[in-house]
Amino acid sequence: MAEQEAWIRVEELGKSYRMGQEVVHALDGVNLHIPRGELVCLLGPSGSGKSTLLKTIAGVYKPS
């Protein structure tokens, strides 16, 4: 079966920000390919980068 064309494709996505003197790497080299018609759920503990990933894909945050 041929690989479906990705509807959403993210490659090597990174997002870092400062919290005081510390640099937080919220996303580091994220790869994500979602074919058209697929249902996807993001799961993970608080602070793992789920919202940061979605907001960066949506263009709310600028990737680093």
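I started at E12, which sits in strand β1. Strands here are DSSP runs of E, at least two residues, and helices are runs of H or I, at least four residues, numbered from the N terminus. This is a predicted model, in which local features need pLDDT of at least 70, side-chain atom pairs count only at pLDDT 80 or more, and totals for chains, interfaces and linings use all residues. Residues are numbered from 1 along each chain as its sequence is written, and side-chain values use heavy atoms, with hydrogens and water left out.

I looked up the backbone of E12. Its phi is positive, about 55 degrees, although E12 is not a glycine. The cut-offs are under 20% relative accessible area for buried, over 50% for exposed, and partly exposed in between, with a 1.4 Å probe and protein chains only.

**Entry: salt bridges**

How many salt bridges does the structure hold? I found 1. The definition asks for a side-chain nitrogen of Lys or Arg within 4 Å of a carboxyl oxygen of Asp or Glu. E11 and R9 form the bridge, with their closest N and O atoms 3.4 Å apart. R9 has a relative accessibility of 47%, so it counts as partly exposed.

**Entry: the hairpin**

Next I followed β1 to its partner. β1 pairs with strand β2, residues 22-35, in the antiparallel sense over 11 bridges. Pairing requires that DSSP finds at least two bridges between the strands. I8 faces I34 in β2. The hairpin has 2 residues between its strands, and G20 there takes a positive phi near 70 degrees.

**Entry: K15**

K15 lies in β1, which covers residues 6-19. Its bridge partner in β2 is L27. K15 is buried yet has no salt bridge. Which side chain of opposite charge is nearest to K15? It is D28, at 13 Å. For charge, Lys and Arg count as positive, Asp and Glu as negative, while His and the chain ends are not counted.

K15 touches V24, H25, A26, L27, T52, T56, Y61, K62, P63 and S64. Contact means heavy atoms within 4.5 Å.

**Entry: T52**

T52 is in helix α1. It is buried, with a relative accessible area of 15%. Beyond four places in sequence, T52 touches K15, A26, L27 and Y61.

**Entry: S64**

S64 lies in the segment after α1. It counts as exposed, at 62% relative accessibility. Not counting residues up to four places away in sequence, S64 touches G14, K15 and S16. A polar atom of the S64 side chain lies 2.7 Å from the backbone nitrogen of S16. I also took the C-alpha distance from S64 to L27. The two are 37 residues apart in sequence and 9.1 Å apart in space.

**Entry: L39**

L39 is in the loop between β2 and α1, the helix at 50-58. It counts as exposed, with 82% relative accessibility. K55 is 16 residues from L39 along the chain, and their C-alpha atoms are separated by 18 Å.

**Entry: the whole chain**

What does the secondary structure of the chain come to? I read 1 helix and 2 strands. Along the sequence the pattern is β-β-α. The chain is more spread out than a compact globule, because its radius of gyration is 14 Å, well over the 11 Å that the globule rule gives for 64 residues. That radius is taken over C-alpha atoms, and the rule is 2.2 Å times the number of residues to the power 0.38. The C-alpha trace spans about 50 × 20 × 20 Å along its principal axes.

Two totals close the page. Of the 64 residues, 20% count as buried. Among contacts in the chain with a separation of 6 or more, 44% come from residues 24 or more positions apart.

How values were computed:
A polar contact is a pair of N or O atoms within 3.5 Å; within protein, one must be able to donate a hydrogen and the other to accept it, and residues adjacent in sequence count only if both atoms are side-chain atoms.
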